[in-house]
Structure formats: structure tokens, C-alpha cells
Amino acid sequence: MEGQDEVSAREQHFHSQVRESTVSALLFCLCFLLTYYVLSRYAEKADEQEDEDAIVNRISLFLSTFTLAVSAGAVLLLPFSIISNEILLSFPQNYYIQWLNGSLIHGLWNLASLFSNLCLFVLMPFAFFFLESEGFAGLKRGIRARILETLVMLILLALLILGIVWVALALIDNDAASMESLYDLWEFYLPYLYSCISLMGCLLLLLCTPVGLSRMFTVMGQLLVKPTILEDLDEQIYIITLEEEALQRRLNGLSSSVEHNITELEQELDNVKTLKTKLERRKKASAWERNLVYPAVMVLLLIETSISVLLVACNILCLLVDETAMPKGTRGPGIGNASLSAFGFVGAALEIILIFYLMVSSVVGFYSLRFFGNFIPKKDDTTMTKIIGNCVSILVLSSALPVMSRTLGITRFDLLGDFGRFNWLGNFYIVLSYNLLFAIMTTLCLVRKFTSAVREELFKALGLHKLHLSDTSRDSETTKPSANGHQKAL
């Protein structure tokens, strides 16, 4: 009887493992196909000739697609876990959702951590060095020579990183236990190194997300059609048509020897044509699109941003009075045992919306920073090196998103797997400072955003706009057409 029970338990364990592996593989395949479609639209078109460089680019594109798929999985990890907890809580005995259990959720978190380490420390460095390699001197040129050079560079890079971490830890903790743990590569080195990368990702999110939250209003304003208040679109189209004809006549009258002037005029003509197209789009837009969609989206963005700041403020108060608000060391009742929000399914849905909103805002803020402005991909004209840089940046941001969401109190879902073992999550002062900086920076960015027009008019009234004291007055001198016909500051 005991033997039959043991066999039955083994069969159930085997079937659960197969079921979890199948679900994980299907989810990853969906993310891989989606990311491959995105990267193929932005990657630089290669020649049809099947040469060595084409094979290298194809391999690098495959590795970049794998990395971006892992990033997408890391972004979906926390929302999937939250919605799974609510589904299991609402339908605990439903036969059709038996595959959705705590073991599957824990497995997905462990796989996300494992693949993030693999992509960050192995695949992306390999793709970069493989793309830049040419083979050692004296060896026959080809794929094998480039692979050999890439492997040697990876080994040297690994030794360099391990040496830096070893020296840093030896200087910080010089006791016997810490020195003995320095020789444990798998259990100590990689988790500690990934913890440092996660801290860097959270600091990058702290810089990008407040900028992105204020920038989202501008981006949506460019994508949507603004209401036409006290504007005569017919007159603007007429003026821009005359300007287009004047530029075309000037371009036809110049000789081919003046290349610099021709290039400038062609660029200006393209900008005028783009502006004309956007004005015509505004004119053709329906009344509900102009007068209803744009205000509704702006109000929705304002509500989401306000809720995010309020949740962070509440989390700061909870950190001061309750130790269980710390992101590390707390263990909830488990998957499917209790709701993580006081509002039930509605609160969980709001948390998911805010998590996605913060991720989109962080990406927008990342590309809005001057240092990362050159990373913006262009359709059919993005080099493979730039694609690798974008994939690494998005991987760092997406891997830090669950940690940031839990640290800021956006959700109460406990971090699972290696995400909850980061040492710095147990430091009260780091967590509290992170929350305070996020709330202060977001508030300052929003205040600066909504008072920019007032400050510009004030500087003009005082005659100080000529001194370039305002960013808006300085940016207004260099503008280009936006997606809705308005001028966009560079």
C-alpha cells in the first residue's frame, strides 16, 4: 500500500513537472516570437549575400531576441503572479486551472533569475565580442576563428570581473567567514554580482521613471490629436503650402555644386512636408477624437501618476511604523491563500496597471535622457551593436522592475526566488531613502512640467527670455514637427 502511494506521488510530481515545463515553454515562445518581430523591424537590413558577416549578424540577432524575450518575461513576471494569486483565490477548486499553482509561479521566478544572469553575463557579452571579432593573427579567417577569439575575450572578462569583486569583498569584509565564502562561485559570487546589477538597475529606474512620468504627457500629446481651440487649420495649411512651394523653388534654382545648402534645404523641405501631413491629419480627425480622447488620456495619465505618488507616500509611512513593510524578510501566506490588496481583484488590477505604467514610463524616461539619446532605435536602420546595447539596457530595467515595485509599495507581493535574496533590500535606510528620492523627484518633475508654460511667459514678460534662463525658451529655438502638427522641442 505504501509502495502504491509512493508511485502515485512520483507520478503526480512527474506530471506537475511536465505541465510546468510546458507552460513555461509556451510563454517563452510567445515572448520570443513577439520580440523577434520587433527586432526584425528595427534591425539594419543586410545584403542577401550569405557571407561571414551575415551569419555573425544573424547569430547576434538571435541572442538579442532571446535576451529581449527574457526581459519581456521579467516584466510580465510580477503581473502574472498577482493575477494568478487572485484567480486561485476566486476559484480554488476549479479543475481547469489546476496547472496554475504556487510551484509554477516559483519556477517562473527562478527561471527569470537564471536566464537574466545567463543573458547579462554570458549571451550579451558573447554577442558583442563575436560581432567585433576578426580572429587571431595567424589563424585562418572564418567563423571558428571568431568564436575562438570571442571565448578568449569572455574568459578574460570573467577573470577581470571576478578579480574586482574578490578584491572589493576582501576590503569590505575581512573576517574568516567572508574570506571563505569568496571561493564559492555559484552560491556567493553570482548572487552577489546580480544583486549589485539589480541595485544599479533600481538606481537607473529611480533616475528614468520620474523623468518618464512627466515626459509621458508630452509623448501622448504628440501621438494624439489635440483639440483645435482658437486655431484656424485651413490658414495654417495654406501658409505651410506656400512655404513648401518656396522651398521647392529655391531647391530647384540652386546648382548641384552647393551641396551643403542643398542638404539643408532638403532637410527643411522634409520637415515642412511632415508638418503639412500632420496638420492635414488634425483637420481630418473626427470631433470625438479631438475633443474627447485627448482630454480623457491626459486625465488618465494624471490619475495614474497621482496614485503612484500617493502609494509611495503611504509606503514611507508604513516603513516608519511597521517592519513588515520592508521588501526583504517578509513572507506572505502563499500563492492563492489570501488577497494581497484590500480591494480584492480591483486592487490587483490597479497594481498591474501601475506596474506596466511605471515600466513604460521608465523606458520613455531612459530614452529621454541626454546620455542615452543616441540609443533610440530607428526602423530598418539600427546597427547590431546598438541593438545589443538596447537589449542589455532593457534587461537591466526589466529585471529591476519587480524589485522597484515591491520597494516602493506599489504591490505587496513578496519577491520570490533570487529576487528576494538581495542584501541591500534588508537595509532600512537604503529602502527609505529610495522611497523618499522617488517621491521627491517625481513631484519636482511634474511641477516643472506643468509650470513650464507659466515660467516661459513670466520670463518673456520680464524680458529675461533673451538670457536663456528657461529651458523652454531655449528649446523653443530648435523645434521640429510633432505627430499632431504642433512644434516639438528637441
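This is a predicted model: local features need pLDDT of at least 70, side-chain atom pairs count only at pLDDT 80 or more; totals for chains, interfaces and linings use all residues.
Residues are numbered from 1 along each chain as its sequence is written, and side-chain values use heavy atoms, with hydrogens and water left out.

**Exercise 1. The whole protein**

Find how many helices and strands the protein has, and what share of its residues is buried.

Solution. Begin with the elements: there are 14 helices and 2 strands. Both are DSSP runs numbered from the N terminus, helices being H or I with at least four residues and strands E with at least two. Next, take burial: 40% of the 490 residues count as buried. Buried means under 20% relative accessible area, exposed over 50%, and partly exposed in between, using a 1.4 Å probe and protein chains only.

**Exercise 2. Helices α2 and α11**

Work out how α2 and α11 are oriented to each other.

Solution. Two packed helices are described by the angle between their axes and the distance between the axes. Here, α2 (residues 52-90) and α11 (residues 384-407) pack at about 15°, and their axes lie 9 Å apart. The axes are lines fitted to C-alpha atoms, for helices over the stretch in contact, and angles run from 0 to 180 degrees between N-to-C directions. The helices are therefore roughly parallel, since angles under 35 degrees count as roughly parallel, over 145 as roughly antiparallel, 65 to 115 as roughly perpendicular and the rest as oblique.

Now look at the residues. Among those in α2 that meet α11 are Ser60, Leu61 and Val70, while the α11 side includes Ile387, Cys391 and Pro402; contact means heavy atoms within 4.5 Å.

**Exercise 3. Helices α2 and α3**

Repeat the analysis for α2 and α3.

Solution. The axes of α2 and α3 (residues 102-132) come within 9 Å and cross at roughly 160°. So α2 is roughly antiparallel to α3.

**Exercise 4. Two residues**

Decide whether Asn315 and Leu114 are buried or partly exposed.

Solution. Start with Asn315, which sits in helix α9 (residues 287-321). Asn315 has a relative accessible area of 0%, so Asn315 is buried. Its side chain reaches the backbone oxygen of Leu408 at 3.5 Å.

Then turn to Leu114 in helix α3. Leu114 is partly exposed because its relative accessible area is 42%.

Technical notes. A polar contact is a pair of N or O atoms within 3.5 Å; within protein, one must be able to donate a hydrogen and the other to accept it, and residues adjacent in sequence count only if both atoms are side-chain atoms.
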